[in-house]
Each structure stands twice: as structure tokens, then as C-alpha cells.
Amino acid sequence: MSIDMAQFHQVFFEESFEGLDIMESGLLGMQPGEADSEEINAIFRAAHSIKGGAGTFGFMDISAFTHIMETLLDEMRDGRRDVTSDAIDVLLKSVDILRHMMTATQDGDEIDTDVVKSQQTELERILASDASGTANDAGNGEGAGDNESAPAETPDTSGSSDEIVGWKIVFNPHDTILRSGNDPYRIIRELSELGETEVICDTDQLPDLKDFDVENYHLSWEIRLNAAVEQQAINDIFDWVEDDCDMAIIPIAGASTGASTGTGSPASAVPADSSQSQSADAATAESKPAAETEPAPTSAPAPATAAKQAAKPAAKSGGAKGGGGSIRVDTAKIDSLINMVGELVITQSMLGMLGEDFDMSRVEKLNEGLSQLERHTRELQESVMQIRMLPISFTFSRFPRLVHDLSSKMGKKIELEMIGEETEVDKTVIEKIGDPLVHLVRNSLDHGIEMPEDRVAAGKPETGKIQLIASHKGGNIVIEIRDDGRGLNRDKILSKAIEKGVISDAGNLSDKQIYELIFEAGFSTADQVSDVSGRGVGMDVVRRNINELGGGIEIESTQGQGSAIIIRLPLTLAILDGQSIKVGDETYIVPLVSIVESIQCKPEMLNMVAGKGETFKLREAYLPIIRMHEVFGVENPQSTNITEGLLVVVEGDGQRCGLFVDELLGQHQVVIKSLETNYKKVDGTSGATILGDGSVALILDIPDLMRLARRHQPIQFLKSA
Amino acid sequence: MSAQAAAETGKNKDIDTDKALLDVVGDQYLTFRLADEDYGIDILRVQEIRGWDEVTRLPNAPEFVRGVVNIRGTIVPVYDLRLKFSMPFREYTKNTVVIVIRTETPKGNKSVGVVVDAVADVLHGHLIDITQSPDFGRETMTEAISGLATFEGNMVVLLDVDKLVKDDSDDVDEDEEGNQE
Amino acid sequence: MATILAVDDSASMRQMVSFTLKGAGYDVVEAVDGVDALNKAKQQSVNLVITDVNMPNMDGITLIGELRKLPSYKFTPLLMLTTESAPEKKQAGKAAGATGWIVKPFNPDQLLATVKKVIG
């Protein structure tokens, strides 16, 4: 049977790249000297999977390289090796090398072996560095021992096989052998496949019928194999059960046809019974090389070459960059797709039956069926579109490394905070937004955040902060890159713009308009072109990329306090996790990310602040209450008494408040539909969605709702901690 | 250019562009009843006719905007034409009809459902006389009227569906939304 | 035909195993980790389990131990996928009740040969 292994390569590469990301972010999170076993375990597991997969799919160089990393990680995991920053750095670099190897293999390009070799040397240096640690390494020592003893013993057996014409095998399974899932008869069957056998069954151990336990095994066997096979072949058969039986493998010499004239090597001719453990050890030693060396040279090269041949056309057809041919999909999404197809099939067969003998009396039924078909088709379409939705973490995940590397390179201290990584965006956005974001983050690092001493002098914390924030707002995806650095220098931009001929004079440009000049072609404010933020090809290209996605880019800046780049991308098919709430007869969806908690308000928590509206005390803070029924003019709420309904504590734009609602319904994923398609924006909402019963529910936009509420009632929002 | 003049140019343009089609299909109007009066709209703009179904209310919307419904996966607002034209509200019944029409706006086509008392008939253009519309008194309606027709002695008010929804579906600049209420 | 439960957190390995076995006519149930596998093994009867060792949530050796405790899996062949560099894993696996192992890397033919050996 031949199976084309190339068909699994794409999946292998995808999960391996994910594994590399896990390793990378894990390594970035590791502190020298401390060994968080969970963290290291996850890194180890990723390396282990890559190694195993690479070996299986024939990428031997990747497998070999990863093996060294795995060994190092294994030692760290077991606490046999200290986690040093040196080791972390070497491992991080190795992740890069591995990524290079993987990309090259995937694209059918040459791997840069020099780079791989030198990194391998680095890894080996680390491995060798702590002599005591490695010497105590029991697992490794054992493995190495096996490997070394193998060649020594193998010729021994083959040398004696000349005179051997067969084997006598004593096989005395322990009574518990069945409970290991091993069937002794299978062993005998396999032995018989090696050649002609005579089998003698010893039933002496069989208990009386009254003591008979079917779960225990009571038979012993003696098998005479009349074939001059290698002892290894026999050892292989017993490989799994050596601990579950007593056994002996005795060679039968050529001249003699007698039973046990054991002239073979002493190690392999040990009688059964008490010495079995020794024999088992010998068997282990000899069976090992079979398991290890055999598969590698004989069968592995075949798939390896097949892999290379197959990888090339695949890489070509997949498109040059990013190879975005396939997509990994949450199985839940697939399940819902399958359900929908099921419904579609039912509808189709219903319509089919209707068509068989149709007359006008059944026209209503037909219409019903058609509208059902229509609905299902639409749902199917939506679900298929949903498959394209991926969390933006796919894009964000590269930034911790970027910030780590660049900030240490520049001698800056920077903390990166990422918010809303779970925000789902279309795959196209994921693919296209990466480069612009890298550029913007680099800009923040390079131009925004000051050197630590400058920060301290300016009275700021030494460590600068860059935030990457993704969210859904009003049917848009909003991605913000915020920093608390020095902000844009209005005058510098202006003079530069005039110098570069971007504008002729300042005219009466507002600050914002001046800031936006940096998006003009050929603009660079860096005094020197640095290798971090590149050479001024940046911002205009960034803006063009965003525009191509149908989005827009804005800039906010406060001198000395930082700046923010705000990217808005349209999203006709965004999906969000929502909580349904009920107010009167109306159902609304609150984005789950906005919800902090839900509480039943007790009278003593309530507080009327003069001129500031209703508030309630939640732990140490007084939070304003927004009465949904009032703000949205819902006519018949179940209750207008705060203590009788529920307060959903929500947060938006850094402010918290309690939404007074009647009750909570379920949580579900909803597809955001624009109200603007046929109507216009509705204050307090970010759009609408279609519920399971086909009805429409509005999706609340919490910050917008707070603004709306402020117009209705005197509310003072407190900055949440 | 006065509002009325704008209405006329809009109408003329429509007639021109639709001419080719009309020559084949014939000029047709769907007529419906609203408080004992007959109104007609260009049948080419009618997407479908549905019975009244519960809508999802929109907060802080004008009274004539009854809410939104889901029509094949898109969210469509539903206007009550009686309320829009400042006529007395009439409770919805099983016979209440929502006509889903396609309107053309500078921002693209938009669908809107209009609640009417009942659908009456389809009028063929060659059977009716169309005259210019006089001032109708009801301001909200006047702008939307594209002409008057007489058919078998009855008067039918022809409406320009684009004008019908003009003020309500256009996006107002975000900052000025507050004035909307 | 026999049903085989294939457990691996790596999608590519899982697909490879599953594809190979299905091609040979076996029914294959896939699980992504020990916990998933244990649930699936409880829901239906499985004639053979092939599990990876290193997995999140519940590793293969723990899975084998847990399966052996179930009356319906007392005698079921339970194979683990392990690497040559881990002799101690084989021992641990055997101690937990594993029937045997398949050494990684392996190719589809080796896998099939082993499976045929165990369940015919």
C-alpha cells in the first residue's frame, strides 16, 4: 500500500509554524532562573511534535535540528538544567532557524546549511556547557548506551547465525499478560510467519476448573522454529511482552537437530525461569537497534524524496507569498456547516416531492419551501463566510518577539500590551494587515518611545508602553497602536513637509492635518535613517495598504504624552460573542467582551448622587446606572425598580457602568449586520444581528450607549481602575 | 434649485433611464390604499409584498420608523406611510401589507419596507393620464409626489420612492446625530 | 470492521494515521488529547487505541492507565506512539498497561503492519 505523504505536508507545516509561535512566545515569557514547568512543557511539546512530524514526513534535517532543541528543553523541563538567558536566546534564535528550514522546505528552496550548522553548534555548546548537568542525565545516558552497545553485539549474533538452522523458544507468559492487551497467540502466529514451527503447549499451570479465572493466562509454550533467521527478528516479536513473560531464545546449531544444544552466544541462550530478567535485558539491547536504525535508512528516504517532489508544485500553485492556500477552521464551525447542509438536503427533498405531482392547491407549500430554501442557502453562505474569520492573534502574535528584539537592540525598555486578540477578522485582513502593523509598531518603538533616561527626565516611568488594541466598533474593526512616548512633533513635521515639498506652506492646517502629512509619499521624520523603522517608504505605503482593504487610518498625538494610530477597517461580516439581554419585549445583544459581571442589586447598594444621577456601589466604586428601558424608550419593562431587575456591569472606553435590564438570555456568536446598509446608524448600537428565529436584535455599542445615556440623564462616568 | 425642481429632474431622469424597459414592459404602477386614498409607485421598484410581521424597534427613532425586519439576511427598516404622511395611525391587521421597495440614493441602493393599508391594483401607464402634482398641503408628502394620475375617474397619487425615504435613510454626519431626535 | 481510536494533538500525524487506517478499511475515531480520547472511548467501543504520548491536557501514558481501569478496555490493545529517544517512556507506558508501541518516525506501511499484527 502506498500512501502519498505529501498530502499531509500542508497541515504539518501549518501546525509546525503554530508550534514555532508557541515556542517563541513561551520563550519570550520565560525569565532566567525560573522554570515554570507548564510553560516549558508547552514549549517542549511543540518541539517534540515538530520533531516527530518532521521525522514521519521525511524532513530529516528539520527533525535532527529539532531533536537537539528538544533535548535541551527536556533537561530544562526536568530541572536538570538551569534556565539561563543565554539558553533562552540560543533557543529563540534556533526557533528562527527552524522557521527558515521549514519555510525553505515548504517552498522547495534550499536550506542554508551553514546557518543551520552554526546554530546547531550553538545549541551543542549550551548542551555541553553544564558538564555536571549532562553527566547526570540518566535518560540521555541510557539512550546513548543503547546506541553504542548495538553495533558491538549485532555482529556477534550474525556471526553465529552461519551455523544456526533454527531456534527453540521458551515462552512462559505471566498470568497477567492479557491485561496488557497482548495476545500470546499473536506472538506464536508471528513466529510461525518467520518459518516452519513446531509448537508444544504446556498446560501444567492450568488450575482446577473451580479456581479458573478467564482473565488470567495459564499456558506455557515451547516453539521450535526451523528457520535460520536473525535473532533480532525473534526479539522484535517479543519486544512488547518482554516484561510480561519469562522466555528464552535458544539457537539450534547446524549439525545437531537436537533441542537444546546451545552453542550460541551465552547472552542469548539463557534458560527460562529465574534468569529471565537477564535475558530480557539482552533482548532489549539487541532489539533496540532494530527499532532505531532499520526504519531510518531503509524506508525513510523514500518518503523524503517524494516529499520534495510534491512540495515544489504545491508551493508554486499556492502562490508566492504566505502560501495562503489553506485555512484552519474551528471544528464547531464545520459542525454548524454540516448541520446546515443537512437542512438544505431536507428542504431540497421536500421540494422534490412537491414537484412530482404539483398543482396550484399546493402553491403555498411551494412558497414555504422556497423561502425555507432561501433561508438555508443564506445561512449556509454566512457560515461559509464565517470560516474565513480568524482571530487577529494570528497577526498580533509576532509582536512580542519584535518588540523584545528591537527594544533590546535600541536599549529601550518597552512593555507591549495586546488587547482584544480574540477579535475575529477576515482572513484577507489577517494577511494584509501584518506588514502595515509591523511598520507602525516599529515606528512607535523607534520614534515614539524615548530612551529610558529621557523618560525618567521627563517624569515618566522608565519603561515605555506600546498597546495593540483590536475591537469591533460600529460594524468596523478598529486596530489601535498606542504608545506613551514623546508624541509627534508638529513643528518638525511641518518644516519637513515644506522642505520635502509635500506642502508649500503651513496655511491654516490644524494639528491633526499636520500630523497626517506623515502619510504623504516620501516623508520620513527620523533624523537618520535607522534600520528599525526603515527609510521613509513607510507611512504612505501603510496608508495605501489600509485603503486597499477599504479602511482608513487616523492619527492622534499629544506632545510629550504619546500618540495613537487608529486603523478602521470595514467589516460586513464580523462576528462577535454576544450575551442576549431582555428589556420589555426587546432583545439586545451585549458584546461579551464588554461585560464585566452581572449582579442583582440590593437596596443598600443604591445611591442617588445629587445632580449625578443614580449610582450603585460595587465593591469600592460607585458606578452609574443606565436604565436601558429609558435610554432606548422601551415601553413595557418588567420592572422599573432597580432592585427587581438585573444590573449588567459593562465596560467601555475605560469606563464602567451598570446596565439595568430585565433578564439575561443566552450567549451566542452573532454575525454583525449593518443597519446602515438600508437605514442609518442607530445611536447606542453597533449594528444588528439575526437571531435563530429570524428576528432582528440590535447589538449594543457600550461606549456609544454611555454617550447616549449622558444625553438623557446626568451621569458621571468614573474611570475604571 | 428648489426642492420641487429637484424632484422633477429626478423624475425625468428616471423616466429616461427606464424608457427602454418601459417600452417593452409598459409603464406600470403598483397602487395601494392609504386612508381611502390611492397611491401608486413605479412597479419596477417593488421588490416584494409581505404581510405585516413583528418588527424590532429602533431606539429613539421617529415615530413613522416602526423598526427593522430581516429580509433574506439583510436588515430593512419599515416605515409606516400613514405616520410618515401625518395621517392617523391605524392598528395593523392581517391585511396590513408591507411593500418592500428599492430606493436609489447617492450612497447606493437601499431597501425599505413601507406599511400601507392594502395593495390595490396594477395600473398600466397608457391607460392613465399623468399630470403635474399640485401642492398637496402635507409637506412631508408633497416632496415625494411625482405626479397625479386619473384612472377610471379615480385619482391616484404617484410617489417617487427615492424622495419618500430621502431624509430618513441618508447618513447624517456622525457628530450631528444628536440633532436628529 | 474494527474501530481504531487515533489520539494525537498534532493534526498532521492524526490525519496521517487516520488516512492510512481508513485506507485499509478500518473505522477510525480521532481524538486530540487524552481527555478527548477518554470521552470518546467511553462513548463507543473501540478495538484498538493508538495514542501519542506527549499531549496537552492528558498525556498518552495517563490515558492508557485510565483506559485500563475501564472494564471494557481491560484487554483492549493500547499502543503508544513514541520516539526512539524515550526508552523510559516505553517502560512507563508498559507500567500503565500499554500493549506495545510504534516508534516514531514511522511510515504508513509500518503502521499498518503493526496494526494488522495486533488486530488482524
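Where in chain B is the place of Ala35(B)? Ala35(B) is in the loop between strand 1 (28–34) and strand 2 (37–42) of chain B. Keep in mind that this is a predicted model. Ala35(B) is not a glycine, yet phi there is positive, about 50°. Is the residue buried or exposed? Ala35(B) is exposed: 12 other C-beta atoms lie within 10 Å.

Look for Ser86(B) in the loop between helix 2 (81–84) and strand 6 (97–105) of chain B. Ser86(B) is exposed too, with 11 other C-beta atoms within 10 Å.

Stay with chain B for the overall picture. The chain has five helices and eleven strands. It runs to 181 residues, and 34% of them count as buried. Now take the contacts in chain B between residues at least 6 apart in sequence. Of those, 56% join residues at least 24 apart.

How confident is the predictor here? Chain B averages a pLDDT of 75, and 69% of the residues score at least 70. Two stretches need a flag. Over residues 1–25 of chain B, pLDDT stays under 50. The model has 13 contacts beyond four places in sequence for that stretch. Residues 169–181 of chain B are also below 50. That stretch has 18 contacts in the model beyond near neighbours in sequence. Where pLDDT is low, the predicted coordinates should not be read in detail.

Next, the cores. The largest nonpolar core has 78 residues. Which of them touch the most other members? From chain A, they are Ile626(A), Met628(A) and Leu659(A). From chain B, they are Val68(B), Val114(B) and Leu159(B). Take Leu159(B) and leave aside its neighbours within four places in sequence. Leu159(B) is then in contact with Tyr39(B), Ile41(B), Ala144(B), Ile145(B), Ser146(B) and Leu164(B). A second, separate core has 72 residues. Among them are Val11(A), Leu27(A), Val116(A) and Ala41(C).

Now the interfaces, starting with A and B. Here 24 residues of chain A are in contact with 23 residues of chain B. On the chain A side, helix 14 (363–387), strand 21 (685–690) and strand 22 (696–700) each supply at least two residues. Strand 22 of chain A gives the most, with three. By class, that side of chain A has nine nonpolar, six polar and nine charged residues.

Then C and A. This contact takes 37 residues from chain C and 33 from chain A. Which elements of chain C give two or more residues to the side that touches chain A? They are helix 1 (11–23), strand 4 (78–83), helix 4 (87–96), strand 5 (100–104) and helix 5 (108–119). Helix 1 of chain C gives the most, with eight residues. The chain C side divides into 15 nonpolar, 14 polar and eight charged residues.

A cis peptide bond joins Lys104(C) and Pro105(C), with omega about -5°. Pro105(C) is in the loop between strand 5 and helix 5 of chain C. Both of those elements are on the list for the side of chain C that touches chain A.

Technical notes. Residues are numbered from 1 along each chain as its sequence is written. Chains are lettered from A and ligands numbered from 1 in the order in which they are written. This is a predicted model: local features need pLDDT of at least 70, side-chain atom pairs count only at pLDDT 80 or more; totals for chains, interfaces and linings use all residues. Two residues are in contact if their C-beta atoms, placed from the backbone, lie within 7 Å. Helices (H or I, at least four residues) and strands (E, at least two) are DSSP runs, numbered from the N terminus. Ala, Val, Leu, Ile, Met, Phe, Trp, Tyr, Cys and Pro count as nonpolar, Asp, Glu, Lys and Arg as charged, and the others, Gly among them, as polar. A nonpolar core is a set of buried Ala, Val, Leu, Ile, Met, Phe, Trp, Tyr and Cys residues joined through C-beta atoms within 7 Å. A residue is buried if 20 or more other C-beta atoms lie within 10 Å of its own, exposed if 12 or fewer, and partly exposed in between; C-beta atoms are placed from the backbone. pLDDT is the predictor's confidence in each residue, from 0 to 100.
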